[in-house]
Amino acid sequence: MSTEEQPRSFPRRDAEGRILTLGDLLGVSLAGLVIGVLALVLFEWAFATMGAGGFGRTNGWLAVILPVWLFWDDFRAWEFGAARVLAALAGIVVGVLAGLLAAGLAAGLPPLVSGALAAAVFTVVYAVIWFHGVHWLARRTG
């Protein structure tokens, strides 16, 4: 397992293409989440302006598309084995449950807001569990 860094890339990655730090993973995934929320708000505004529905009715969970794409890219960078599968499954289960809990607590808000909050909680929880889990399990399983 080489930790040689690829030149001038963000997030910083090792020679195999795996993200090197939790800060990089969180930073890029949260930036993707913000971009997703902004895109949803823009579409909502455009459709509401055209009279195609009320503002805020889109499910905010859609904002998680770019972070999931990043997580999938990092998942593929790890060699095939139990470490990556177990870490990903644990992150998905706990992240979705935490996101659903957050959405439930924000149930009185419009779906765009409660879903975006749920997507943010999922993104943070998944990133932390995935990053620490895959590194810990990879050390244990060789």
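The charged end of R18 sits over the ring of W78, 4.4 Å from its centre.

| Charged residue | Ring | Distance to ring centre |
|---|---|---|
| R18 | W78 | 4.4 Å |

The model is predicted: local features need pLDDT of at least 70, side-chain atom pairs count only at pLDDT 80 or more, and totals for chains, interfaces and linings use all residues. Residues are numbered from 1 along each chain as its sequence is written, and side-chain values use heavy atoms, without hydrogens and water.

Rings of Phe, Tyr and Trp (its six-membered ring) pair if their centres lie within 6.5 Å; planes under 30 degrees apart count as stacked, over 60 as edge-to-face and the rest as tilted. This rule gives six aromatic pairs. The ring centres of F122 and Y126 are 5.8 Å apart and the planes are at 25°, so this pair is stacked. One aromatic cluster contains F75, F122 and Y126, together with W61, F71, W72 and W130.

V94 counts as partly exposed because its relative accessibility is 40%, between the 20% limit for buried and the 50% limit for exposed.

Conventions:
A charge sits over a ring if NZ of Lys or CZ of Arg is within 6 Å of the ring centre and within 35 degrees of the ring normal. Buried means under 20% relative accessible area, exposed over 50%, partly exposed in between (1.4 Å probe, protein chains only).
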